[in-house]
Amino acid sequence: MPLVKLVNITKKFGEIIALDNIELSIEDGEYLCVLGQTGAGKTTLLRTIAGLIRPDGGEIFIEGELVNDVPPEERDAVYMFQHFALFPHMNVWDNVSFGPSIKNWDNEQVKTISSEVLEMVRLSDRQDAFPSELSGGMQQRVALARGIASGAKILLLDEPLGALDARLRVDLRRQLRRLVKDQKLTAVHVTHDQEEALMTADRIMVLRKGKVEQVGLPSEIYSSPKSIFVASFVGNANFFEGNVIEMDNSGSTIWIRGDYQIRVSQTDRKVGDKVVVAVKPTDVIINPDSHKGKNVFSGMVDSSTFVGGSMKYKVIVGDGMVIFSEALVSNIQELPRPGQEVTVSFHPARCCLFEYPEAGLLKEIEAI
Amino acid sequence: MPEVKLVNVSKRYGRIKANDGINLTIKDKEYVSVIGPSGCGKTTLIRNIAGIIHPDEGEIFIDEESVSNVPIEDRRIGYVFQNIALFPHMNIWDNITYGPHVRGLPQQQTRPLALEMLDMIKIAARSEAYPHELSGGTQQKTAVARALISDARLLLLDEPLGALDVKVRTELRYELRRLVKDLRLTALHVTHDQEEAMSISDRVVVMKKGRIVEAGTPVSLYTRPQHTFTANFVGEANFLKGIVVETTADTSVVDIGSGVQLRANRGKETVDERVIVVFRPEFAVLDKPIEVNRLSGKVMDVLYSGSIIRVMIKLPNDETIAAKRIASFDKPMYDVSESVTISVSPDNVLVYPYPEEGLKKALALE
């Protein structure tokens, strides 16, 4: 039995449909990330599970029990606000042990859990400090500690690392996942950061404009996106517009404007269809060991950007087909430079084929 | 034209030294980023240059002229900060032309300037929209245009992309750089996001506790950081404790425990010195290890982030290191508990003196 189950959940704010027929099951002990842009409905979803928002339609079950009419404090779930709300007149220790204390746990137990979570968020040495004496990042971590110490089984985390420095976020996200797993909690973690979702989640749900775009393992979301939006939003992609000109058992051939051909393994469209091919920059290999096989193009490096650990290349093939490639830097001396001729290739199995969207490709992928 | 020079700049808040003897020169038309953990003094630094606060000690020069007595409005500075601060009741056009307007510039002079700005940030079609009708990214671009219209030559950016979604942030950062380069401005950009700094800057300044740790090009900071703090703060790194057992003119051999030795290009270290050995996970070769600098161990965990995999390997000395690789599907996968051997080229092994305050403190982000 899933721990949390949403059936047909709908929520409107005026004319805006914040949640549009959401179906979701969360297993006991699962770490689920909800990923989407600002305005996708992520926070509304979380607050609906918490009981802070009443859905207009649909049903919410927690441990098999219908909880639509159960108030937030009686649900076994704690919602952690994006903007941490600590008690300003209490020190760190009292803030963290507040939940366990009012639940009348015995003193030893309160002490154990409070020191454990403070250790986890690396604030053991600041337990006597008041919120006003801490940095924003530290306050966020106290709030996190308090939520975990509350004893609720389900943690609803709304951008829990959002206020932190990028570097600290990387350290903390691993610990957050480990803590949820060690304490056998269930977490629903809302974020707009795809890397954070990919690194922490057992499963990811991608939300867009109130609708579920895709639910799956991080590797599925990344490598087998079900829509152009997911392909673009998670890890970016090269998009090529074209038409299917040939199809057999092993795949399809797509004719791309400028007279290029791309081979893809998928065979679920028809000859003549207008399509979009998506390829992740990390699947585009520069100067591969072998030049045999499909999808091998000669081009010139137009620009390269070092992003720390990996290198992003813009390669121009022929008269102007642009291909982006991203590669881990393993030998900084031998990197191709702008102006240099290179070969790029990508495997047909790494290409995703989509029907050409009615509203146009740009509409599906624009972020700004 | 503007070159910015800080000489011995210090600023205290009570007992805290937010800026502690900062010396820094930003060259004309250079794009410089300042990174560091929160509380390191990066915002204080940029505010000192803007003239929003005044240093307790030291001097700031813009184009060789001391600006100690030059008020903010006369420094020809454009300043953009994290919280998008557009006037909500004014449309984009009025927001952008606000500065020239209050300075009493006539319409016919303001108009071409504003048109140029709108064109540059590619929102000419939305000039009549109000801020709330625009996305966060577009609002922030408008804020940049407003900062630049008053003939600013120096652009100060304090976490300009901090309030935006990751995806928008990534796209906008390249636009910012392009804008600065096209307009031939000098830019100082404060950010907590090292990747942002690395990908758009000519030079990156790393700060910690009010001081500059080091400054350098993105590639040099990444491949040859001068300090362990930088190695940890910029990108990922493995840190191993060891003792130098052998040196030649150009190489050192470091024993990292349990009989495991690593060879590195030699720095200043001497035999018997306690050191920290550092290498990047992406420099660890998993598939075809070379003959020198092999490390064998047991796979503890395999982590995915998109197409990159991190293999966590426990060495015989009980330390766990990370090795990174693209998760190419025609290469073998790794199982937990499996034995693996990696190698690291001596070129990519860095050696640092063991920090006096201990390794943990030396790397601490707070």
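1. Burial in chain A. In this predicted model, 54% of the 368 residues of chain A count as buried. The C-alpha atoms of chain A, taken along the principal axes, fill a box of roughly 70 × 50 × 35 Å. Within chain A there are nine helices and 20 strands. Among the contacts in chain A with a separation of 6 or more, 64% are accounted for by residues 24 or more positions apart.

2. Helix 1 of chain A. This helix, residues 42-50, is largely enclosed by the rest of the structure, because seven of its nine residues are buried. The buried residues of helix 1 of chain A are K42(A), T44(A), L45(A), L46(A), T48(A), I49(A) and A50(A), and a reader may like to find them one by one in the model. An α-helix has 3.6 residues a turn, so residues three or four places apart point the same way. Just after helix 1 of chain A comes G51(A), which takes a positive phi of about 95°.

3. The contact between the chains. How many residues does each chain bring to the contact? Chain A gives 39 residues and chain B gives 49 residues. The size of an interface is often given as the accessible area lost when the parts come together. For chain A and chain B the buried area is about 3700 Å², with 60% of it on carbon and sulfur atoms.

4. Polar and charged pairs across the interface. Between chain A and chain B, seven residue pairs are counted in polar contact, both residues of each pair being at pLDDT 80 or more. The rule for salt bridges finds one across this interface, and the pair that forms the salt bridge is E236(B) with R174(A), whose side chains meet at 4.0 Å, N to O. On the side of chain A that touches chain B, the elements that give two or more residues are helix 4 (136-149), helix 5 (166-182), helix 6 (194-200), helix 8 (228-233), strand 16 (296-306) and strand 18 (321-328) of chain A. Helix 5 of chain A supplies the largest share of that side, with six residues. By kind, the residues of the side of chain A that touches chain B divide into 16 nonpolar, 13 polar and ten charged.

5. Cysteines. A disulfide is a covalent bond between the sulfur atoms of two cysteines. By the rule applied here, the count over all chains comes to zero disulfides. For C351(A), the nearest cysteine sulfur belongs to C352(A) and is 7.6 Å away, and C351(A) is in no disulfide. Is C351(A) buried or exposed? C351(A) is buried, because its relative accessible area is 5%, and buried means under 20%. C33(A) also counts as buried, with a relative accessible area of 0%.

6. The surroundings of N293(B). This residue is found in the loop between strand 15 (284-285) and strand 16 (294-305) of chain B, and N293(B) is buried, since its relative accessible area is 8%. Where does the side chain of N293(B) make its polar approaches? The side chain reaches the backbone nitrogen of R263(B) at 2.6 Å, while a polar atom of the side chain of N293(B) lies 3.0 Å from the backbone oxygen of V344(B). Leaving aside neighbours within four places in sequence, N293(B) is in contact with Q261(B), L262(B), R263(B), I342(B), S343(B), V344(B), S345(B), P346(B) and V349(B).

7. Positive phi in two loops of chain B. Most residues other than glycine have a negative phi, and most peptide bonds are trans. R184(B), a residue other than glycine, has a positive phi near 55°, and its place is in the loop between helix 6 (166-182) and strand 8 (186-190) of chain B. S258(B) is not a glycine either, yet has a positive phi of about 50°. The loop that holds S258(B) runs between strand 12 (251-255) and strand 13 (261-265) of chain B. S258(B) counts as exposed because its relative accessibility is 53%, where exposed means over 50%.

8. An exposed histidine in chain B. H89(B) is found in the loop between strand 6 (77-81) and helix 2 (92-96) of chain B. With 57% relative accessibility, H89(B) counts as exposed. The C-alpha atoms of H89(B) and A215(B) are separated by 42 Å, and the two residues are 126 residues apart along the chain.

Terms used
Residues numbered from 1 in each chain as written. Chains lettered and ligands numbered in written order. Heavy atoms only, no water. Contact = heavy atoms within 4.5 Å. Buried area = accessible area lost by both parts, 1.4 Å probe. Polar contact = N/O pair within 3.5 Å; in protein donor to acceptor, adjacent residues only side chain to side chain. Helix = DSSP H or I, 4+ residues; strand = E, 2+ residues; numbered from the N terminus. Nonpolar A, V, L, I, M, F, W, Y, C, P; charged D, E, K, R; others polar. Buried < 20%, exposed > 50% of the residue type's maximum accessible area, 1.4 Å probe, protein only. Disulfide = S-S within 2.5 Å.
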